[in-house]
Amino acid sequence: MSQKIKSFEEFYPFYLKQHSNKICRLLHIIGTTIVFALILTAIYHSNYKLLPFVPLAGYGFAWIGHFFFEKNKPATFQYPFWSLKSDFKMYFDILSGNIKLDTTKDPKIS
């Protein structure tokens, strides 16, 4: 990525290209699901000691996907807020069927 991305609309297609590996995407789904579960459990049980595990679960699964399967550097390092927003967008796009877990069948990846 040589040019600075100036908008989220520009960033999201780049983000999806950085997440073209099926296992990487699956690990993001697992990590994000655990993030939601930890937050909801912490709130429901008023056990806020669970909250420090939120970034560990979210980033842990994602970074394993990037370093071992995607073999690239997470976009979080350069665009932390857009990357977080994109993670949630990709999560709901995959769960709703708007994009595929298997990118070989995903027309949004070019």
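**Helix packing and a pocket in a predicted model**

This is a predicted model, and the protein averages a pLDDT of 91, with 92% of the residues scoring at least 70.

Reader: Which helix has the lowest confidence in the protein, and at what mean?
Author: Let's look at both ends of the range. Helix 2 comes out highest, at 97.

Reader: At what angle do helix 1 and helix 4 pack?
Author: Helix 1 covers residues 8–17 and helix 4 covers residues 80–96. Their axes run 10 Å apart, and helix 1 passes helix 4 in a right-handed crossing. The packing angle is about 65°.

Reader: How many charged residues are there in the contact of helix 1 with helix 4?
Author: On the helix 1 side, the contact uses Phe8, Phe11, Tyr12, Tyr15 and Leu16. Helix 4 brings residues including Trp82, Lys85, Asp87 and Met90. Sorted by class, the residues of this contact are seven nonpolar, two polar and, for the charged ones, four.

Reader: Which helix gives the largest share of the lining of the largest pocket?
Author: This pocket has a volume of about 260 Å³ and is lined by 21 residues. The largest share is seven residues, and it comes from helix 3.

Reader: What class do 12 residues of that pocket's lining belong to?
Author: Nearest the pocket's centre lie Gly58, Tyr59, Ala62, Leu84 and Asp87. Across the lining, eight residues are polar and one is charged. The 12 you ask about are nonpolar.

Conventions
Residues are numbered from 1 along each chain as its sequence is written. This is a predicted model: local features need pLDDT of at least 70, side-chain atom pairs count only at pLDDT 80 or more; totals for chains, interfaces and linings use all residues. Side-chain values use heavy atoms; hydrogens and water are left out. Axes are lines fitted to C-alpha atoms, for helices over the stretch in contact, and angles run from 0 to 180 degrees between N-to-C directions. Helices (H or I, at least four residues) and strands (E, at least two) are DSSP runs, numbered from the N terminus. A crossing is left-handed if the near helix is turned anticlockwise from the far one by less than a right angle, and right-handed if clockwise. Contact means heavy atoms within 4.5 Å. Ala, Val, Leu, Ile, Met, Phe, Trp, Tyr, Cys and Pro count as nonpolar, Asp, Glu, Lys and Arg as charged, and the others, Gly among them, as polar. On a 1 Å grid over the protein atoms alone, a cavity is a set of points where a 1.4 Å probe fits but cannot get out, and a pocket is an open set with protein on both sides within 12 Å along at least five of seven lines; lining residues have an atom within 4 Å of a point. Grid points are joined across faces, edges and corners, and a volume is the space filled by probe spheres set on the points. pLDDT is the predictor's confidence in each residue, from 0 to 100.
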